[in-house]
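Hi,

Here is the structure I promised to pass on. Have a look at it first, and my notes on what turned up follow below.

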There are 2 protein chains.
Amino acid sequence: MPEAQYDVLGIGNAIVDILVQTEDDFLSENGLSKGAMALVSAEEQRVLYEKSGQAIESSGGSAANTLAGVAALGGRAAFAGKVKDDQLGTVFAHDIRAAGVNFTTPMANEGAPTATCLVLISPDGQRTMQTYLGACVDFAPADLDPDQVKAAEVTYLEGYLWDPDPAREAFLQASKIAHDAGRKVALSLSDPFCVDRHRDGFIPFIEEHVDILFANEDEILSLYQVEDFDAAAEKIRGVVDIAALTRSEKGSVVVTADDTIAVPAAPVEHVVDTTGAGDAYAAGFLAAHTHGRDLETSAKLGGLLAAVIIQQIGARPTAGVQHLLQDIDG
Amino acid sequence: MPEAQYDVLGIGNAIVDILVQTEDDFLSENGLSKGAMALVSAEEQRVLYEKSGQAIESSGGSAANTLAGVAALGGRAAFAGKVKDDQLGTVFAHDIRAAGVNFTTPMANEGAPTATCLVLISPDGQRTMQTYLGACVDFAPADLDPDQVKAAEVTYLEGYLWDPDPAREAFLQASKIAHDAGRKVALSLSDPFCVDRHRDGFIPFIEEHVDILFANEDEILSLYQVEDFDAAAEKIRGVVDIAALTRSEKGSVVVTADDTIAVPAAPVEHVVDTTGAGDAYAAGFLAAHTHGRDLETSAKLGGLLAAVIIQQIGARPTAGVQHLLQDIDG
């Protein structure tokens, strides 16, 4: 097996976030489920946007955020996802490359515009998301570069990619290419509602294809439709090589066939915006893991980067975090 | 004279800012003059953008920021400026309306895209700006709504609007309409380089048309090509009814025919991003002035809003500032 050119290749929806500070009343008045991500039409998003306050725009996308985090920690990162050749597509492409991530997926010249996610940030820092998938629905197997998949130590897939049909095909194909090349496949379950939409597809996919699974407590409970975290952890044990399960302020638990490693959360002074906390955890974990660190250290770095992200607005590290991977051994 | 419907109508370039944290080395390597605003072509901006780090996008424009500030303080605000009907034009229009500002200028359906300003923020919070004027160059007298001008107690013009030719025509026309209706005209000098480009036009325009002038120290020195602040203040005395001259950490000085009122700066713990400090000063000053406060109080409110803005990223107030206008009397 040739040496990997990338530590992690991410495949995901390429989205620009529209971030708005909001009051919880606005969520209830508009029938929104606090903390959830909902898929909406362009028109539904437009109506809600017009009612929303002043915004700022910032590149997002779950796997894209993770890969930006991997690169920020000094990892070799690549990302594949679909934007249109429009102003927000240019913004997305610029930011992911400026983060140090290799991004070569061709922009669409026609069809739907670049995807946008209206992120409503509550005073407690929780975010409620309304995503219009736009050009993401056109990401197809032809957009995959098989050589890039073969060249990545880990191919990381976001669960949200299960929503658009052609992307799901690409998702399955990437997993096969990766495994045929002797590489690892990682999956993030993304969101309990996403799990609910796709449970019947996810369970066999995880059993057959996934080596490293990322899920938060709500997601793993939803996957197995159980109500007890320990029961869910036993369900996933041995199904994948590594299950990294996050539990917000309780830290994370790494479950392997033989081991259960609990790691406390990193200290957080003030939660500003939880957007991207799970993405950052996966970034820290994968950066450490692909640099030969043990599972406990990997979980610690995941927690550290998540703590950085929830204390700022936006889902990608803005402060220099390169030192975290070095410091984690100290 | 009928009662004014708006406290302030702003006319200015309608711009979306692209905000990037940068090191001073990046400025010198690229031959940029720290702290200045330069007009660049789309291609020049693109080249610099590609070299720049991850960005966030936020609606900007000098007068637009001021009017968002006036509205945030509880003033009745309107804005006129030109965007294209594209993604960033939609962002600009949404944000200015969400700020509570009446904005009815028709979007351009063809021609150049919505204007963008690449704002490079140094570690000390200073910003260096590269502006591509895009659709702003098509703002013309026909875009003015004379009834709106007549309905505003103050028509506020940004000096930057002197750059595009048709906008300058609109600028002159708005001043005449305002004065014919018995209203006041305010002008911000915008930038010492802008003053340098247009000194020969500005001086007679100020003498003939301006009632309230906003300028920082560098701008008023540049206008009269003198090196001493007190000398510059004497030059402007009596030329306009009110000259509000800002001096950064030294506060501001209000000069009228008979009076000179110095107001210290509001306390600032940590400068994050100076983008929009002058715009915010004008907002605070005009909101208080049009609500019948005296010149000292108006200058104080200007200083207070400027202090809020330089302690955050972005040029428009994100925190609730409505109370400042009430509190200023206390």
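Before the notes, one definition: I call two residues "in contact" if their C-beta atoms, placed from the backbone, lie within 7 Å. Also bear in mind that this is a predicted model.

**A helix pair in chain A**

With that cut-off in hand, take helix H10 (residues 277-290) and helix H11 (residues 295-310) of chain A, which pack with their axes 7 Å apart at an angle of about 145 degrees. The crossing of H10(A) past H11(A) is right-handed. Which residues meet there? From H10(A) they include A:Ala280, A:Tyr281, A:Gly284, A:Phe285, A:Ala288 and A:His289. On the H11(A) side, among them are A:Leu301, A:Gly302, A:Leu304, A:Leu305, A:Val308 and A:Ile309. Sorted by class, the contact between H10(A) and H11(A) comes to 16 nonpolar and 6 polar residues, with no charged ones.

**How the two chains meet**

Now the interface. Here 22 residues of chain A are in contact with 22 residues of chain B. On the chain A side, helix H2 (42-51), strand E4 (55-59) and helix H4 (87-98) each supply at least two of the residues that touch chain B. H4(A) gives the most, with 6 residues. In terms of class, this side of chain A has 8 nonpolar, 9 polar and 5 charged residues.

E4(A) and strand E4 (residues 55-59) of chain B run antiparallel and are joined by 3 bridges. If you want a pair to click on, A:Ile56 has B:Ser58 in E4(B) as its bridge partner.

How are the two copies related? Chain A can be laid on chain B by a turn of 180 degrees with a shift of 0.0 Å along the axis, giving an RMSD of 0.0 Å. The two chains are therefore related as by a two-fold rotation axis. Among the residues of chain A, A:Glu57 comes closest to that axis, with its C-alpha at 2.4 Å. Both copies use the same surface, since 100% of the contact residues of chain A recur in chain B.

As a reminder, strands of a sheet pair through backbone hydrogen bonds, either parallel or antiparallel.

Within chain B, strand E2 (residues 15-21) pairs with E4(B) in the antiparallel sense over 5 bridges. One pair to look up there is B:Val16, whose bridge partner in E4(B) is B:Ser59.

**A hairpin in chain A**

Strand E13 (residues 252-255) and strand E14 (residues 260-263) of chain A run antiparallel, with 4 bridges between them. A hairpin through 4 residues joins E13(A) to E14(A). Here A:Val253 has A:Ala262 in E14(A) as its bridge partner.

The axes of helix H7 (residues 192-209) of chain B and H8(B) come within 9 Å and cross at roughly 40 degrees, which means H7(B) is oblique to H8(B). This crossing is right-handed. The residues of H7(B) that meet H8(B) include B:Val195, B:Arg199 and B:Phe202, and those they meet include B:Asp218, B:Glu219 and B:Leu223. By class, the contact of H7(B) with H8(B) has 5 nonpolar, 1 polar and 4 charged residues.

For helix H8 (residues 217-224) and helix H9 (residues 229-236) of chain B, the axes come within 9 Å and cross at roughly 65 degrees. H8(B) is therefore roughly perpendicular to H9(B). H8(B) passes H9(B) in a left-handed crossing. B:Glu217, B:Ile220, B:Leu221 and B:Tyr224 of H8(B) make this contact with B:Phe229, B:Ala232, B:Lys235 and B:Ile236 of H9(B). The class count for H8(B) with H9(B) is 6 nonpolar, no polar and 2 charged residues.

Cheers

Note on methods. Residues are numbered from 1 along each chain as its sequence is written. Chains are lettered from A and ligands numbered from 1 in the order in which they are written. This is a predicted model: local features need pLDDT of at least 70, side-chain atom pairs count only at pLDDT 80 or more; totals for chains, interfaces and linings use all residues. Ala, Val, Leu, Ile, Met, Phe, Trp, Tyr, Cys and Pro count as nonpolar, Asp, Glu, Lys and Arg as charged, and the others, Gly among them, as polar. Two strands pair if DSSP finds at least two bridges between them. Copies are superposed by least squares on the C-alpha atoms of residues with pLDDT of at least 70 in both. Axes are lines fitted to C-alpha atoms, for helices over the stretch in contact, and angles run from 0 to 180 degrees between N-to-C directions. A crossing is left-handed if the near helix is turned anticlockwise from the far one by less than a right angle, and right-handed if clockwise. Angles under 35 degrees count as roughly parallel, over 145 as roughly antiparallel, 65 to 115 as roughly perpendicular and the rest as oblique.
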